[in-house]
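Subject: A structure for you to explore

Hi there,

Here is the structure I promised to pass on to you. Have a look at it first, and then read my notes below with the picture open beside you.

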2 protein chains.
Amino acid sequence: MNHDHSPAFLRHDHARCAGSVLAAADAVIAERGLRFTPVRRRVLEILAEEHRAMGAYDVLERLSAEGFGNQPPVAYRALEFLEAQGFAHRIRRLNAFTACMHPGESHAAAFLICGTCNAVAEAPAAEVAAALDRAAGNLGFTVERSTIEALGTCPACQTGGAA
Amino acid sequence: MNHDHSPAFLRHDHARCAGSVLAAADAVIAERGLRFTPVRRRVLEILAEEHRAMGAYDVLERLSAEGFGNQPPVAYRALEFLEAQGFAHRIRRLNAFTACMHPGESHAAAFLICGTCNAVAEAPAAEVAAALDRAAGNLGFTVERSTIEALGTCPACQTGGAA
DNA sequence: CTATGTATGTTATACTATAACATGTCAAGG
DNA sequence: CCTTGACATGTTATAGTATAACATACATAG
């Protein structure tokens, strides 16, 4: 499970975006009176720095190398926490996790997975979620959380041909 | 992995809907010149009869009891075939599979998973898929296949209270 | 300081999925 | 007929993903 690929569809300043994600997380967590422990913070840093979908075991490897526990629950628990707080997303198609690039916002995200280069991008999906709510509502179903993922081809892999 | 629950949100005649699914599959497969072998057909029958999300190992258990192979690839291969042909869907949130209830149709399906009774229903999702295409298109991404799943509460579990 | 709740570390195991190879089956062409 | 080639199934083995259960540590309120 190593989804290596270009970091996102568009080039950008990682240090900056990662930093802002961490800052936002700090703020939200303080506001909610939760504990942003070393493992949890470090996991979010790792996800944000790498800026790609990482398997729990990829994350665990990093943690382990840095002196944290080296057993699966260490990674899974931190990832669960981050997901519950909206700082990370789980990408089910890949059995992987990724830092949320705009935490605190409305929060309906769709994930676009390039089948060629494996890049994963988070797309704003308010309208998609709204359509899903309607489709569900027609059957009397109330949506709590949704998973919206697309497999396809990213701009770079379309124009440049195969990567 | 046993997703037991009421078969769908609405009562209906299983034998009939399962039968029609099989009939449709027969037709489509003949048309495409493919082979609807005993395992493949039986797996679709099982999914259609049970009319619920089943793990690959649940299906395998049934196959095995009926004299087919008893190793995972037997089930996974049949399930892959059915999914590729649009006769079954994979529900990633549940690591499970379900028969497609209207094969041959346009085919954008959303899956509604009741967190209370574990029922799974397939909702028409043409509009959801269209919205996803647009959201992806805005980033220059071309969608090939999409996964749309919602976790929430089904009508029965809303009105009746907790199951 | 101690009791309580929560987080982490660890052991063990369950569950999900696929690679690789052997065997069997079927249909088309010789 | 029978052989060849393509495809399907059976089987062995193993890889990859995830969680239950318990032990230990750590922070904070009282």
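This is a predicted model: local features need pLDDT of at least 70, side-chain atom pairs count only at pLDDT 80 or more; totals for chains, interfaces and linings use all residues.

Six strands form an open sheet, and their order is E4(A)-E3(A)-E5(A)-E5(B)-E3(B)-E4(B). The pairing in this sheet is mixed. Which strands stand at the edges? They are E4 of chain A and E4 of chain B, and each has a single partner strand, so one side of each is left without a neighbour in the sheet. On average, neighbouring strands are turned by 25° against each other, if direction is ignored.

Two helices go with this sheet. H5(A) packs on it and touches E3, E4 and E5 of chain A as well as E3, E4 and E5 of chain B. The direction of H5(A) makes about 125° with that of E5(A). In chain B, helix H5 (residues 126–137) lies across E3, E4 and E5 of both chain A and chain B, and runs at about 125° to E5(B).

On the chain A side, E3(A) and E4(A) run antiparallel and are joined by five bridges. Here Leu112(A) has Ala121(A) in E4(A) as its bridge partner. The hairpin of E3(A) and E4(A) has five residues between the strands, and Asn118(A) in this hairpin takes a positive phi near 70°.

**Where the two chains meet**

How many residues of chain A are in contact with chain B? There are 34, and they are in contact with 34 residues of chain B. The elements that give two or more residues to this side of chain A are strand E3 (109–114), strand E4 (120–124), helix H5 (126–137), strand E5 (142–153) and helix H6 (155–159). E5(A) gives the most, with twelve residues. Sorted by type, the residues on this side of chain A are 20 nonpolar, eight polar and six charged.

E5(A) also pairs with strand E5 (residues 142–153) of chain B, in the antiparallel sense and over eleven bridges. To see one place where the two strands face each other, look for Glu149(A), which stands opposite Thr147(B) in E5(B).

How are the two chains related? A rotation of 180°, with 0.0 Å of shift along its axis, superposes chain A on chain B with an RMSD of 0.1 Å. That is the relation of a two-fold axis. In chain A, the C-alpha nearest the axis belongs to Ile148(A), at 2.4 Å from it. The same surface serves both copies, as 100% of the contact residues of chain A recur in chain B.

**The core**

In soluble globular proteins, nonpolar side chains tend to be buried together. The largest nonpolar core here has 102 residues. Those that touch the most other members are Ala110(A), Val128(A), Leu132(A), Ala110(B), Val128(B) and Leu132(B). Leaving aside residues up to four places away in sequence, Ala110(B) touches residues of both chains, including Leu132(A), Ala135(A), Val128(B) and Ile148(B).

Ile91(B) lies in strand E1 (residues 88–91) of chain B. Is Ile91(B) buried or exposed? It is buried, because 21 other C-beta atoms lie within 10 Å. Not counting residues up to four places away in sequence, its contacts include Ala53(B), Phe97(B), Phe111(B) and Glu149(B).

His51(A) has a positive phi of about 55°, although it is not a glycine. You will find His51(A) in the loop between helix H2 (38–50) and helix H3 (56–65) of chain A. His51(A) counts as buried because it has 20 C-beta neighbours inside 10 Å, and the cut-off for buried is 20 or more.

Asn118(B) lies in the loop between strand E3 (109–114) and strand E4 (120–124) of chain B. Its phi is near 70°, a positive value in a residue other than glycine. With 19 C-beta neighbours inside 10 Å, Asn118(B) counts as partly exposed.

Enjoy exploring, and write back with any questions!

Best wishes

Technical notes:
Residues are numbered from 1 along each chain as its sequence is written. Chains are lettered from A and ligands numbered from 1 in the order in which they are written. Helices (H or I, at least four residues) and strands (E, at least two) are DSSP runs, numbered from the N terminus. A residue is buried if 20 or more other C-beta atoms lie within 10 Å of its own, exposed if 12 or fewer, and partly exposed in between; C-beta atoms are placed from the backbone. Two residues are in contact if their C-beta atoms, placed from the backbone, lie within 7 Å. A nonpolar core is a set of buried Ala, Val, Leu, Ile, Met, Phe, Trp, Tyr and Cys residues joined through C-beta atoms within 7 Å. Ala, Val, Leu, Ile, Met, Phe, Trp, Tyr, Cys and Pro count as nonpolar, Asp, Glu, Lys and Arg as charged, and the others, Gly among them, as polar. Two strands pair if DSSP finds at least two bridges between them. Copies are superposed by least squares on the C-alpha atoms of residues with pLDDT of at least 70 in both. Axes are lines fitted to C-alpha atoms, for helices over the stretch in contact, and angles run from 0 to 180 degrees between N-to-C directions.
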